[in-house]
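I opened this notebook to record what I looked up, beginning with a pocket and going on to helix pairs.

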Amino acid sequence: MSLRLNATSDQDAAAALERCEQDIGKWEEAGPDDSQRRVAAAAPRYYEILADLYFKAGTLCYQQQRPLEHVQHYLHFAGVRAVEELERRDNPLASTNRDFYRMVDRVLGLVACFCPYELRTRLGAVHESRYHWPHDPKWTFQPGQREVPRLLHGFYRLEYMRAALETLVTGKVNVVRVQALIRELDNDDRHVAERVEASLCYWGLMAVADRNAGFLDQTLSKLLDLHRGEAQNGRYKTRSEGLLCMNAMFLARMAREQSMPVSVLSDYLPLALIG
């Protein structure tokens, strides 16, 4: 009996998992220097494909209630391959796509929960331009002119990614930085889902910094409720990200490393997976 976490049916999940496992074997056997990909620009794409396959396999294994060690195995390699991909990216070109959302939706949680500490240092050493275009005007943030920039909620998510990455690498929350972002959010009266998500993530970091387990549980509960809505009826309805709430898993892992108890119960936050 599988878990009903998003709109993916049992039959579709089982078939997708079988395809992922077959594709992983083919790609791993070929390697990044396969004769059809003997150019430097091809290696990052190879690791990106594998990272995606491992992530899908891990989340589908979880949805299908396979043994936890199988889930952990796939998610471990999803994190490893994601970091290897970022390390091998060249300096960005004007036409290059950079998606920091993947850092928030997947990579930070994977590296925190399933990879050795050495991967944290390696991820922190990756230049931000390899996963975010800092000069793209649609991400421009102008304090006091909130009506001008497009997709301002993207700014809040980007700043959460930066704060979370700093926490992952240093083991400490930059309280001054996070408090400033919370104040900025408090002055924004729009109810964009991603803005709400970013706000909860900021407060989660503050709860970890304050070692306030009760407040962290409250924050995680709200974050998981938001995730459930996105998984069942929103942007994660048919995506692998809907099967696990990686933001909640990241915060729970950071809390446990501070010897904080986490007692929230949710299928989207399987505490047994993160140790």
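I looked up which helix gives the most to the lining of the second largest pocket, and found that H1 does, with four residues. I took helices (H or I, at least four residues) as DSSP runs numbered from the N terminus. The model is a predicted one, in which local features need pLDDT of at least 70 and side-chain atom pairs count only at pLDDT 80 or more, while totals for chains, interfaces and linings use all residues. Residues are numbered from 1 along each chain as its sequence is written, and side-chain values use heavy atoms, with hydrogens and water left out.

I noted a volume of about 200 Å³ for the second largest pocket, a volume being the space filled by probe spheres set on grid points joined across faces, edges and corners. A pocket here is, on a 1 Å grid over the protein atoms alone, an open set of points where a 1.4 Å probe fits, with protein on both sides within 12 Å along at least five of seven lines, and lining residues have an atom within 4 Å of a point. There are 14 lining residues, and Ala16, Lys56, Leu60, Thr238 and Ser240 are the closest to the centre of the pocket. Helix H1 (10-30) and helix H2 (42-63) are the elements that give two or more residues to this lining.

I then sorted the lining by class, and it has six nonpolar, four polar and four charged residues; Ala, Val, Leu, Ile, Met, Phe, Trp, Tyr, Cys and Pro count as nonpolar, Asp, Glu, Lys and Arg as charged, and the others, Gly among them, as polar.

Next I turned to helix pairs. The axes of helix H9 (residues 213-233) and helix H10 (residues 246-257) come within 10 Å and cross at roughly 165°, where axes are lines fitted to C-alpha atoms over the stretch in contact and angles run from 0 to 180 degrees between N-to-C directions. H9 and H10 are therefore roughly antiparallel (the term for angles over 145 degrees). In their contact (heavy atoms within 4.5 Å), Leu216, Leu220, Leu223 and Leu224 of H9 meet Asn247, Ala248, Leu251 and Ala255 of H10, which by class makes seven nonpolar, one polar and no charged residues.

For helix H3 (residues 68-88) and helix H5 (residues 117-125), I found axes that come within 10 Å and cross at roughly 30°, so the two are roughly parallel (angles under 35 degrees). Val80, Val83, Glu84, Leu86 and Glu87 of H3 meet Leu119, Arg122 and Leu123 of H5, a contact with five nonpolar, no polar and three charged residues.

Note on methods:
Angles under 35 degrees count as roughly parallel, over 145 as roughly antiparallel, 65 to 115 as roughly perpendicular and the rest as oblique.
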